[in-house]
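Please examine the structure shown here together with its sequence.

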Amino acid sequence: MASDATTVSPDAPRATGLAQRYAQALLDLAREHRSVDQVAADMETLQALWRDDAPFRAFVSDPRLDAAQQQKGAFAVLERAGISGDVRNLVGVLVNNRRLAALPEVAASFALLLAESRGQQTAEVTTAHPLNDTQRNQIAARLTEAGYSNVRLVERLDPSILGGMILKIGSRLYDTSIKSRLQRLSYAMKGAA
């Protein structure tokens, strides 16, 4: 059963080695401070900010801002959201290293590392529109029926797929998107001509 879900903005790129290193360092630090649950909650709040707040996304990815402006703005947003401690320090390090734009990748990598450390399988679900709780529960139920247990959903939004969904779990990929169906139909029609 999917116990939680993480939604990632359509603008959030896939995790890179750089993001994974920052995420691993944060997870190690959280374990050392015995604050893994608090850090996980703060990172989920940060991901929700990224997903739901377009001005915040624009601020994070704006290369014109210098480190002082980024730090002042980012810390103000974090304070307003109630995020402190290790996650606030991580954002400070990203700002100082001029890597604030990697924040969504770091958050996504952290979620994946945490799920892996907790023995959860990760299913990446890409949809054109955000899922509601009923849809999340239905996906979790189908995955459980298919033999996948303790699944964490990582949601990605991609309006270009038009509808349906793309689900990736482990090495399996299930693509029921309208975009893929239209492409298959186009290829079939070209072959018939």
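This is a predicted model: local features need pLDDT of at least 70, side-chain atom pairs count only at pLDDT 80 or more; totals for chains, interfaces and linings use all residues.

Residues are numbered from 1 along each chain as its sequence is written, and side-chain values use heavy atoms, with hydrogens and water left out.

The secondary structure comprises 8 helices and 5 strands; helices (H or I, at least four residues) and strands (E, at least two) are DSSP runs, numbered from the N terminus. From that terminus on, the order of the elements is β-α-α-α-α-α-α-β-α-β-β-β-α. Along the principal axes, the C-alpha atoms fill a box of roughly 60 × 40 × 30 Å. Of the 193 residues in the protein, 41% are buried, a term that means under 20% relative accessible area, with exposed over 50% and partly exposed in between (1.4 Å probe, protein chains only).

Helix α6 is largely enclosed by the rest of the structure, because 12 of its 15 residues are buried. Among these are Leu103, Val106, Phe110 and Leu114, and also Glu105 and Ser109. The end C-alpha atoms of α6 are 21 Å apart, which agrees with the 21 Å that its 15 residues should span at 1.5 Å a residue; the expected span is 1.5 Å times one less than the number of residues. After α6 comes Gly119, with a positive phi near 75°.

The whole structure has 2 cavities of 30 Å³ or more. On a 1 Å grid over the protein atoms alone, a cavity is a set of points where a 1.4 Å probe fits but cannot get out, and a pocket is an open set with protein on both sides within 12 Å along at least five of seven lines; lining residues have an atom within 4 Å of a point. Grid points are joined across faces, edges and corners, and a volume is the space filled by probe spheres set on the points. The second largest cavity contains about 40 Å³ of space. Its lining includes Met43, Glu44, Phe110, Leu114 and Arg152, and the elements that give two or more residues to this lining are α2 (36–52) and α6 (103–117).

The largest pocket has a volume of about 250 Å³. Of its 17 lining residues, Gln135, Gln138, Ile139, Met165 and Leu167 are the closest to its centre. Two or more residues come from each of α7 (133–145) and β4 (165–169), and α7 gives the most, with 5 residues.

Most residues other than glycine have a negative phi. Arg34, in the loop between α1 (17–32) and α2, has a positive phi near 55°; Arg34 counts as exposed, at 76% relative accessibility. Leu162, in the loop between β3 (151–157) and β4, has a positive phi of about 70° and counts as partly exposed, at 49% relative accessibility.
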